[in-house]
Amino acid sequence: MILKILKFATNFILLTLLTQVGGVIYMFYVLLKYFVEKYIGKLAQFQYRLSLFCTLYLAFTFLIIPPIAKQFGRVPMPYYSTNKTQIKPLNFLTVLLNRHYVRPSLKKQMLLITKDLQKEFPNTRINYLDANFPFINGFPLLPHLSHNDGKKLDLAFCYKNKTTGKEVNTSPAWLGYGVNEEPRKGEINQPNICRKKGYWQYGFLEKIAPQWNKEKLPLDEKRTKRLIQLLANNKVIKKIFIEPHLKTRWGLKGDDKIRYHGCHAVRHDDHIHVQL
Ligand SMILES: [Zn+2]
């Protein structure tokens with residue numbers, strides 16, 4: 001410390017004697033150097049560490065994990081839609097978080113069902129939501145306790161533009177959850193029943209999901225209903241969860257397959273749950 005003070009004083013005096021203002025400029029230089037090294041240096045180090053982690057994370061997510069997961073019986077759902085695969089994640093975050101893995105047979109059936117839906121609605125793209133993680137049966141994909149074996153996949157409903165009436169391939173919900181198609185008067189109101197029984201989590205997503213686009217993008221009942229019918233007609237798909245009032249409203253047949261999920265889950269009038 002004494003050496004540092006001596007060095008500072010010597011430089012300050014020398015520069016002042018030589019240039020008059022040099023000593024004062026030197027003082028500013030020492031102060032600035034101190035702050036740059038203390039704060040900017042740390043920021044640069046943080047940026048370096050973050051970019052190193054992100055590079056590794058992306059390399060694993062897109063290059064290393066998919067072939068390994070395949071060996072363990074799970075494959076990634078398509079990252080984006082093409083002419084052949086008109087099914088995509090509603091939000092790319094699903095892929096970045098590795099929440100888009102399913103068993104190969106589920107992926108295959110979903111590609112077939114998408115094609116069938118497209119025959120009737122040519123511009124349709126199906127948006128998938130949460131699926132499963134790439135590894136380990138029993139490892140839950142929170143907050144879905146059952147999405148833990150590669151057999152489960154959530155799908156977004158289909159919507160249309162209120163002003164033009166045209167089909168859209170987006171959703172009023174950012175992540176696909178929480179914008180509900182409420183029960184109407186006279187319909188069974190399962191969310192109410194569950195709330196009264198004390199299942200607070202049943203309608204929780206609605207409280208945290210933004211509802212800004214609900215009016216602008218109403219549900220496309222025709223396409224959504226047809227999608228569920230195609231899912232129900234598929235022999236490999238064994239269960240579909242949807243809220244009872246929608247099942248009744250749309251006259252969906254197949255009690256063995258289109259079932260009620262129970263109050264311990266969350267409401268399913270904002271998305272479709274599909275499982276093998
Ligand atoms: Zn689900």
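I began with His273: at 3% relative accessibility, this residue counts as buried, because the cut-off for buried is under 20%. I note here that the model is predicted.

**Zinc site**

I looked up what holds the zinc ion. The donors are His147 through NE2, Asp154 through OD and His273 through ND1, at 2.1 Å. I then wrote down their spacing in sequence, which is H-x6-D-x118-H.

**Cavities**

Next I asked how many cavities of 30 Å³ or more the model holds. The count is two.

I took the largest cavity and noted a volume of about 50 Å³. I listed its lining from the model: Arg125, Ile126, Asn127, Ala156, Phe157, Cys158, Tyr159, Val168, Asn169, Thr170 and Arg223. I sorted these residues by class and got six nonpolar, three polar and two charged.

I turned to the second largest cavity, with about 30 Å³ of space. Which residues line the second largest cavity? I found Gly178, Asn180, Tyr202, Gly203, Phe204, Leu205, Glu206, Val266, Arg267 and Asp270. By class, I have four nonpolar, three polar and three charged residues in this lining.

**Cross-check**

Note on methods
Residues are numbered from 1 along each chain as its sequence is written. This is a predicted model: local features need pLDDT of at least 70, side-chain atom pairs count only at pLDDT 80 or more; totals for chains, interfaces and linings use all residues. Side-chain values use heavy atoms; hydrogens and water are left out. On a 1 Å grid over the protein atoms alone, a cavity is a set of points where a 1.4 Å probe fits but cannot get out, and a pocket is an open set with protein on both sides within 12 Å along at least five of seven lines; lining residues have an atom within 4 Å of a point. Grid points are joined across faces, edges and corners, and a volume is the space filled by probe spheres set on the points. Ala, Val, Leu, Ile, Met, Phe, Trp, Tyr, Cys and Pro count as nonpolar, Asp, Glu, Lys and Arg as charged, and the others, Gly among them, as polar. Donors are N, O and S atoms within 2.8 Å of the metal (3.2 Å for Na, K and Ca); water is not among the atoms, so sites may look incomplete. Buried means under 20% relative accessible area, exposed over 50%, partly exposed in between (1.4 Å probe, protein chains only).
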